[in-house]
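Please open the structure in your viewer and keep the selection tool at hand. The stops below move from a single contact out to the whole chain.

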Amino acid sequence: MLDEKQAKLKVKEVQKMEKEKRLQKLKSQVEVNATRDPSRLYKLTAGWEQRKKEGTGASGQGATLHMPHRAVPSWRQGLS
């Protein structure tokens with residue numbers, strides 16, 4: 001049983017080494033040149049730009065700042 005277990009471990013190790021070799025071969029074929037652009041961090045996304053153009057809210061212009069969820073009672077409508 002010990003010999004079988006050692007054989008299985010050796011097979012796993014060989015497979016792992018082969019996989020690493022394949023990955024190294026693929027990595028050597030692919031070259032990645034990504035430049036950093038810190039100004040991109042602060043740019044709005046295309047979806048957000050579109051949302052700003054369309055506008056939201058009841059009037060269709062700008063974002064709504066306050067949206068009441070309940071009706072104001074008739075006795076309180078003229079107080080504020």
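Begin by selecting K25 and S28: a polar atom of the S28 side chain lies 2.7 Å from the backbone oxygen of K25, where a polar contact is a pair of N or O atoms within 3.5 Å, one within protein being able to donate a hydrogen and the other to accept it, and residues adjacent in sequence counting only if both atoms are side-chain atoms. This is a predicted model, in which local features need pLDDT of at least 70 and side-chain atom pairs count only at pLDDT 80 or more, while totals for chains, interfaces and linings use all residues. Residues are numbered from 1 along each chain as its sequence is written, and side-chain values use heavy atoms, with hydrogens and water left out.

Staying on S28, note that this residue is exposed, with a relative accessible area of 60%; buried means under 20%, exposed over 50%, and partly exposed in between, with a 1.4 Å probe and protein chains only.

Next, select residues 2–29, which form helix α1, the helix that holds S28; helices (H or I, at least four residues) and strands (E, at least two) are DSSP runs numbered from the N terminus. The 28 residues of α1 should span 40 Å at 1.5 Å a residue, and the 41 Å between its end C-alpha atoms agrees with this, the expected span being 1.5 Å times one less than the number of residues. Zero of these residues are buried, so α1 lies largely in the open. An unreviewed UniProt entry annotates residues 2–29 as "coiled-coil region", although such annotations may be inferred rather than shown by experiment.

Finally, select the protein chain, which has two helices and zero strands, and in which buried residues make up 0% of the 80 residues.
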